[in-house]
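Work through the exercises below with the model open beside you. Try each task before you read its solution.

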Amino acid sequence: MLAFLKGPFSKYNIIISEDGYHATICNPFSHENIRVEYFPADDFTPYIVYFSFQHCHLLDEENVIEWVSEIIDGKRCAIEFFANHANLFGGDIEASSLENLSYTSLEQYTGYYGIHKLYQFADSFKVRGWDSKHNFDGKFVKNDDGTISLNITPIN
């Protein structure tokens with residue numbers, strides 16, 4: 001079922017379960033592997049792809065290849081928000097959005113822009129990419145003037 005992964009990702013070690021419904025694309029840079037699961041009984045989104053904190057429900061092999069390629073090519077990263085070290089919510093984020101990352105851009109990304117403020121729900125976030133150049137932890141810091149800034153710590 002998941003043997004189609006071996007073509008486009010042949011330069012990586014891919015482990016496919018005996019039943020063919022589960023696969024792991026091994027990350028040579030870190031422990032953040034990509035896992036793919038296939039559920040034939042699901043007529044709408046039979047594929048679930050996992051990377052770091054995130055997962056994505058996808059329709060077909062083409063969608064799986066596209067999403068995995070974006071992760072491996074460094075175009076897309078996983079992002080997760082936390083409160084007191086507990087996972088709140090997350091998703092994936094385009095790596096190009098990380099270049100000018102600000103508290104305001106994160107509010108707009110999450111939809112907490114306006115009445116509700118992101119820092120009222122979350123106190124930190126983590127971003128993880130296929131290679132370590134996009135890996136960092138961030139904290140929200142309330143400044144003396146009431147503005148919120150980001151304290152970023154790279155993770156290698």
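**Exercise 1. Find how many bridges join strand S8 to strand S9, and name the residue opposite Val 127.**

Step 1. Locate strand S8 at residues 124-128 and strand S9 at residues 136-142. Strands are DSSP runs (E, at least two residues), numbered from the N terminus.
Step 2. Count the bridges: four join S8 to S9, and the two run antiparallel. Strands pair if DSSP finds at least two bridges between them.
Step 3. Look across from Val 127: Phe 136 in S9 stands opposite.

The model is predicted: local features need pLDDT of at least 70, side-chain atom pairs count only at pLDDT 80 or more, and totals for chains, interfaces and linings use all residues. Residues are numbered from 1 along each chain as its sequence is written, and side-chain values use heavy atoms, with hydrogens and water left out.

**Exercise 2. Give the strand order of the open sheet and name its edge strands.**

Step 1. Read the order of the five strands: S7-S6-S8-S9-S10, with antiparallel pairing.
Step 2. Pick the strands that pair on one side only: S7 (86-94) and S10 (148-154) are the edges.

**Exercise 3. Sort the lining of the largest pocket by residue class.**

Step 1. List the lining, which includes Phe 82, Asp 123, Lys 126 and Asn 151.
Step 2. Apply the classes: Ala, Val, Leu, Ile, Met, Phe, Trp, Tyr, Cys and Pro are nonpolar, Asp, Glu, Lys and Arg are charged, and the others, Gly among them, are polar.
Step 3. Tally: two nonpolar, six polar and four charged.

Conventions
1 Å grid on protein atoms, 1.4 Å probe; cavity = no way out; pocket = protein on both sides within 12 Å on 5 of 7 lines; lining within 4 Å.
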